[in-house]
Amino acid sequence: MEPVALVAPVTALEFAGDALLAGTGPEVVAFRLSGGGTAAARRNVLREASVLGLRAERGPGAAAGRVAAFGGRWLAVLEVRDGGERLAVCGGGAARELRARVWEARWVPGGRLALVLGCGAVALYEWRGGGCWLRRASCGGAGALRCAVLAGTGWTRLALAAGTAMGTVVVWRVAAAEVPQLRLCGHCGAVLALCYSAPRGLLASASEDRSVRLWAVGDLSGGDGAGDGSCLLVCYGHGARVAAVALRGPCPVSAGEDGACLEWDGGGGVRRDRRGHRGALRALALRPAGGCLATGGDDGGVRLWRPRRAAAAPVAALGAPLRPRSVLLAGPRRVLALGEAGGLVVYEAAARRWAPVLPPAAGGPRAVLAAAPLPDGEDTLCALAGSDGRLLLFALSHPGDTTELRLFEGAVHGLGWAPRPGLPPGAASLLASGPDGEMLWLDVTHRPGRAPQVQVMGRYLLPLCKQRWHTCAAFLPQGRLLLCGDRRGSLLLFPCSSSSGQAVESTSIANGSTDPVGEDSSSEPDLSCLSHKEALPLEAPLSVLFGLHGKTGVTSVTCHGGYIYSTGRDGVYRQLRVQDQRLEVLRKHRPCKGLQWIEELRFTTDGDLLVLGFHADNFVVWSSRTGENLHCIPCGGGHRSWSYCSSAEAEVFAFIKCGDVLLYQRGAEPCEQRVLLPSLHGREIACVRRLGAVAVPGRAAVNVFVTGSEDTTACVLVLSERSRAAVPLARLSDHVSSVRALALAGPAGPGDEGFGDEGLSTLLFSAGGRAQIECYRLLCAADPASEGAVGCQVIHVASHRLDEHWERKKNRHKLVKMDPETRYMSLSVVPGTSTEQTPTPWKFLAAACSDGSVRVFGLLEAARKLVLVAESFHHQRCVLKVEAFLHTRAGGERRHLLCSAATDGGVAFWDITSPVADAVDTTLLTGPVSPALGAPLLTVMAHSCGVNSLHVYETPEGRYLVASGSDDGSIHVCLLEVTLDGDSPTARTRLHVLERVAQPCAHAAHVMGIRVLRPDLLLSASVDQRLTLWQRSPAGLGELSTTFFHVPDLAELDCWEVVEAGGERWLYCVLCGQGLNMLRGTVHPEPPPPEPHQ
C-alpha cells in the first residue's frame, strides 16, 4: 500500500528565497509566499523518518534553492525550483541513511555539509555522488545531546554548541574538540533548542524549565571576540516547555508547547504574544529579509506572521463636557455621548472637540439612544427616546430638523435600528419597546433639509417576563418575518407585512393633521400616535425559544448564508433556521475558552467570522479563522456603555469609565497572521470514521471524514488525494472532555440509501470523557467555490450525560452515584433497527464504558431524545470495544447481536433483540427505562490482556468471523454460527464456535485496528507503525505484506473499498494517532471457489 494523504505535526520550518518549506512527517511542503501562500509542492523525502530540520544554503557562492533535510538517521538534499513550484531531490534522487542520528546540519564552503551526529561527533560530509565522509572530530564530555547548532565557515573555524539533557550548554571548537571551550549552566531542565547570532556573538537557549536564556559567547568561530559565557537575559512567560528559539536582532523569539510564540524585549518582558495554533508549537523560522515569522506545531498547521507596522494606540480620555450615561460611535470619526440628564453631545475626531447636539431637556434622565449610518457615509440618522414615551428623530448634521412622536404612555425601554431588505436609500427601520411588552415597528425616511418622515408599520406583543423589552432585531430575507431577541434571553419570530403600514401612512399624525409624520413645521409639535396605532393589530409571536441564551439576554441576531445566528452573554452563539415559520436550533458554538460574553458576529468578505465580546474585563475581537484576538482592549467589562466601529480607515472603540468617554483608535492594516496550512487538532486524534464520498463536478469524488481528539473537539474534514492534505469543514465543540469514539448511521456514498442528488446525510454519534454522548445530523454536498470543494451543515440532534440521567432517577439517595469520570471507550450503531411500521423511527447505539458496563441507547430523532434503554455490568472491568451485528434467518426473522471486549481479554456475545423491541414498544416520552441486558450468550477468552480492536464480518454462508487485536500484539479470529431453539419469536439464541485461529506475535506493540476484508483476508495496524495484510486459512494466519505508515501512537483504523469505472478494485484505509494518514493499495483477487466433489 502507498500513502496518498498525510497530516502530521510540523517539526521543521525554513525560508528559501520566495518559498517557505515545512517538514511534516517524512514530507516537505513548499509554500510560495508571493503566490498568496498556497502549497505549491509536496514531496516525501525521508522515507520512514520525520523531518526534524531544514537548512537552506546561504552566503556568497551558495546555490540558489538548495536545502538540506534531516531527521533521525536520514539525510536528503532538495532543490527548490520555480519559487517553490517544484521540489527535486539531489545527489542520486533519494535520501541516505547515515551511521548515527543527525542533530544539526550546516552548509560549508564547497557545497558540503557539516553534520552533528548523535554520538557527540562533528563530521564533514560530501553528499554528492554516492556520499562519503571527509573528516570527523569527536567532542569530549558531550553527554546526552538534545539539540545542537554549528557556527563558522570552514572546518578549522567550525564550532559546536550543544544542549544536553542535564540542562547545560556545552561549546567546542572542532579544531580542539577534546576539551569544551565553554559550559553554560543555568537551566533546570533539558535544553531543547539553540540559536546563534554570529554578528552579535549571542547564543539563545530554550529549555524544558519553560525559560529562554540569552548568553554572551562572542565569536565562536575562533576570532578575537570570544565571550565569557555570561547570561544576559532570562525570560519566563511560557506555560509549558519551550521547543524552539530564534534571534531577531538582540532579542529572542520563542515557541512553546503552550501554543504561544513570544517575542521578548531587552528586559526579559513579553513584547508580542502570538497565538492561534490549536496545540503545542514545534517549529519556528525567521525570514532573513522582511521580518516575517513562521510557526508550526502538533496541530499540523503552518502560519505566517507579518510584522505589525505600528504598536497599538493607547486609550485616550476625551474629556466629555457632561457626565455620560451612554456612548455611541457614528462612524470612525464621531462619538456620540448621552448625558445622565438627557443632553446629547458629539465629539469630532478631526477637530478634536465636543459640540452640543440636543439640550438636556430633549431626552430626560432615562433616555435611550440609537443611530444608523446613512448610505452616503457622511451623515447619521439618530433616534432618542425618553422616559415619558417621546421619540425624537433627526439627522446628526441637522439636529434642528426633528420629528417628535409620542409612542407610549410610559418609558421607552428598548430602541434599535434593524436592517430590512428592500428599503430605498435613506430609509431605515426602527423598533421601540414600551411598557407591558408592546413593541412598535417604524419606517423612517431621511429627507435632506426637512425632518425625517415616519410610518408606523406594525405592533407586536412580547411574551410575559420580568424584563419585557427587546434588545436586538433583524428582518429575515426569506419570507416576511421579523426576528427579535429580548432581555430575558428569548428569541421571538413575528410576522411582518408592509400592507398594514400603507394604511397607517395616510393617517399618520403631525400636530393632529392627516399629513405624513414630520411634515408639519409648527414650533410646538405635539405629535401623538397613541390613538392611531390602535388601528394596527397587536401581533403575537409565531415561534418562541424562551430563555435560549439564559437570563442575561440576547445581544444580537444576524442573518448570513441562509441561516440565523444569535449571540448572548452566556458565552456561546447559536445557528438557527426557520422551518414552517418555526425557529429551529441547529447547533451552538463556543468560539474560544474564557469568552463569557458574546456581543456580536461579523462576517467578513474574505470568509472570516469575527466574534465581538468580553474576556474578563477586556473587549476582544476574535478571529475564528486564525484563532487569535485581533484586538484586546482593557475597558473594565461589558456592563458599562461602549461602542465599536470597524472601517477601511480605522478600528475604533469608545467606552465610559470614571465619568468620562475613553477612545481607542488604531489605523486599519492587513491581518498580521496568514494561515498557510490549516490546523486540525491540537492533541492526539483518538478516532476516525469515513462519512462517505461526495461527487464534485469536474473532479473525482471527495472523501469526507470525521475525527475526534483529546482536545475535546470533533472535526469534519476533507482528505484530498490531489493536494495530499486535509481541509476542515466544520468543528464540533460540544464535548467537555476528550472525544474517544465515533459511530455513523447513514450512507457512505452514491447508491446508498439516504444518499441524494444533493449529497449525503448521516447521523453522527460522538462520545468520550465525562460519560457524554452527542448526536448530530451531517449534511454534506458539493460546493466547488469552497476550499475543500464540499460544504457541510451540522444539525445538533440530541445529547446524553450519565450524571444528568442519574439526577432524574427516583430514590437516587438509595443508589450508588455513577462515577463522574466514566468514559465511553467505543460506540457501535445497531444495524437493522429501522421501524417503518411505527410512527417514530428509532436508532439504537451500543457503548463500551470504562465503569465496566455495556449500555444500549435509543435515539428518537424527531423528538430529539437520546435515552438509555438497557445496560449490564457483566464484565466488572473496563470495556474497551463493542461491535453490533445483525443475524437474519431465511424467513426474515432478525436477531440483534452484540459483542463486547474488556481489559481481561474476554469477548462476550449478547442478544439485545428484546431490549430493542421493548424500547420500540415503550413510549419513552414519559420516562426513561433501562432494564438489564441479562447474561451473555457466550464468552470467548481470546487474549491474555486488553482487547483494543474488534471487528465482525458476515460470510456468504451466513456465519460470522470475529477478529480481535490485543495489547500483547496478538490477533485472534473465531468463526461463529448462530442457531435458534425453535421457530417462535421467543426462541433462545445460541452461538457455536466452529473455528479459532490465533497469531500470538503478530505485531511488536498494541494492535489498535483490525478489519476482516474477506473470509480469507485480514488487515491489522499496530502502534509499531506497521500495517499488515494477512491471509486466513484453517492452519493459521500468513503474512502477505507489511507497510510502514507515518502516524505515531496509533489510535484507530478505518478502511473501505472503491471500484473504479474499469472494474479495478482499490483498498483504502485511514489511520489516526499523532496525525492522520490515508493509504491506498490494490485488492488481491479472490481465490476461485473449490470444485464440487465428483
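These questions and answers walk through a predicted model of a protein chain.

Me: Into which domains is the protein chain divided, and how many Å separate the centres of domain 2 and domain 4?
Reply: The chain is divided into domain 1 (8–97 + 280–306), domain 2 (126–275), domain 3 (681–748 + 759–798) and domain 4 (823–941). Taken over C-alpha atoms, the distance between the centres of domain 2 and domain 4 is 58 Å.

Me: How many disulfides does the structure hold?
Reply: A disulfide is counted when two cysteine sulfur atoms lie within 2.5 Å. Cys658 is in no disulfide, since the nearest cysteine sulfur, that of Cys635, is 12 Å away. For Cys775 the closest cysteine sulfur is in Cys792, at 14 Å, which is too far for a bond. For the structure as a whole, the number of disulfides is zero.

Me: Is Cys775 buried or exposed?
Reply: A residue is called buried when its relative accessible area is under 20%, and exposed when that area is over 50%. Cys658, with a relative accessible area of 76%, is exposed. Cys775 has a relative accessible area of 0%, so Cys775 is buried.

Me: Which residue in strand 14 is the bridge partner of Leu124?
Reply: Strand 13 pairs in the antiparallel sense with strand 12 (residues 112–117) over five bridges, and the two form a hairpin with three residues between them, where Gly120 in the turn has a positive phi of about 80 degrees. Strand 13 also pairs in the antiparallel sense with strand 14 (residues 132–138), over six bridges. This second pair forms a hairpin with five residues between the strands, and Gly129 in the turn has a positive phi of about 70 degrees. In strand 14, the bridge partner of Leu124 is Arg135.

Me: What is the separation of the C-alpha atoms of Arg157 and Ser221?
Reply: Arg157 lies in the loop between strand 15 (145–151) and strand 16 (159–164), and is partly exposed, with a relative accessible area of 38%. Leaving aside its neighbours within four places in sequence, Arg157 is in contact with Ala151, Gly152, Asp219 and Ser221. Although Arg157 and Ser221 are 64 residues apart along the chain, the separation of their C-alpha atoms is 4.8 Å.

Me: Why is strand 61 largely enclosed, and which residue of strand 62 does Val706 stand opposite?
Reply: Eight of the eight residues of strand 61 (residues 702–709) are buried, so strand 61 is largely enclosed by the rest of the structure. Strand 60 (residues 685–694) pairs with strand 61 in the antiparallel sense over eight bridges, while five bridges join strand 61 to strand 62 (residues 714–719), which also run antiparallel. Strand 61 and strand 62 form a hairpin with four residues between them, and Thr712 in the turn has a positive phi of about 75 degrees. In strand 62, the residue opposite Val706 is Val716.

Me: Which residues of helix 4 are buried?
Reply: What covers the buried residues of helix 4 includes strand 70 (843–849), strand 72 (865–872), strand 74 (894–902) and strand 75 (906–911). Within helix 4 (residues 913–921), the buried residues are Thr913, Pro915, Val916, Ala919 and Val920.

Key
Residues are numbered from 1 along each chain as its sequence is written. This is a predicted model: local features need pLDDT of at least 70, side-chain atom pairs count only at pLDDT 80 or more; totals for chains, interfaces and linings use all residues. Side-chain values use heavy atoms; hydrogens and water are left out. Domain bounds come from an automatic or database domain assignment. Buried means under 20% relative accessible area, exposed over 50%, partly exposed in between (1.4 Å probe, protein chains only). Two strands pair if DSSP finds at least two bridges between them. Contact means heavy atoms within 4.5 Å.
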